[in-house]
Amino acid sequence: MIKIENVETFGWEAAIPNHPGFVARRDGMIIGKRGYELIGHVDRCGYREVLFSENGKTKNYLVHRLIAETFIPNPDNLPFVNHIDGNKTNNRVENLEWCTRSENTKHSYKIGLQKTITNQHGNFRVLNEEDLNFIRDAKCLGYTTDEEVAEIIGCSRELVGRKRRKMGL
């Protein structure tokens with residue numbers, strides 16, 4: 001752990017709005033109330049989170065949002081923060097930008113984080129009865145994750161998850 005002795009604003013670090021005592025750095029690090037870097041953890045979606053303890057309560061915060069809220073103006077009140085290089089753990093200021101959900105999704109396709117699957121119906125996958133039966137029986141066949149099933153039948157993990165929920169699996 002690196003202890004930061006001086007938490008004044010020098011352009012490369014600043015107090016996080018609405019979180020007294022916490023400081024954000026332009027390199028994507030968060031400094032806690034005691035002056036130490038908060039390492040945090042990576043959540044299930046791949047984003048770095050840190051735990052703040054304020055007024056006797058603890059809450060996880062996404063680091064990229066804290067960095068953006070601290071350093072990047074958002075005059076249009078855009079709701080999402082995009083990682084320009086697609087790396088969800090690169091929270092440096094120069095890698096973040098405010099955007100809409102649509103812009104964020106389009107960017108993920110543009111840089112190859114998501115891939116379209118085309119068929120005769122267009123840029124999506126239409127599941128047939130055989131595909132649905134495979135989704136239903138996949139766990140019995142040893143395929144435990146939506147990712148495995150999606151790769152085999154050629155669709156998105158999200159579509160498999162939606163179908164499993166609809167089937168009550």
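1. Arginine 157 sits in helix H5, where helices (H or I, at least four residues) are DSSP runs numbered from the N terminus. The model is predicted, so to speak of local features takes pLDDT of at least 70, side-chain atom pairs count only at pLDDT 80 or more, and totals for chains, interfaces and linings use all residues. Residues are numbered from 1 along each chain as its sequence is written, and side-chain values use heavy atoms, with hydrogens and water left out.

2. Beyond its neighbours within four places in sequence, arginine 157 is in contact with Asp146, Glu147 and Ala150 (heavy atoms within 4.5 Å). Its C-alpha is 8.7 Å from that of threonine 145, 12 residues apart along the chain.

3. Now the helix pair. H4 (residues 146-153) and H5 (residues 157-167) pack at about 110°, axes 8 Å apart (axes are lines fitted to C-alpha atoms over the stretch in contact; angles run from 0 to 180 degrees between N-to-C directions). That makes H4 roughly perpendicular to H5 (65 to 115 degrees).

4. Who makes that contact? Asp146, Glu147, Val149, Ala150 and Ile153 from H4, with Arg157, Val160, Gly161 and Arg164 from H5. These divide into four nonpolar, one polar and four charged (Ala, Val, Leu, Ile, Met, Phe, Trp, Tyr, Cys and Pro count as nonpolar; Asp, Glu, Lys and Arg as charged; the others, Gly among them, as polar).

Definitions and conventions. Helices (H or I, at least four residues) and strands (E, at least two) are DSSP runs, numbered from the N terminus. Angles under 35 degrees count as roughly parallel, over 145 as roughly antiparallel, 65 to 115 as roughly perpendicular and the rest as oblique.
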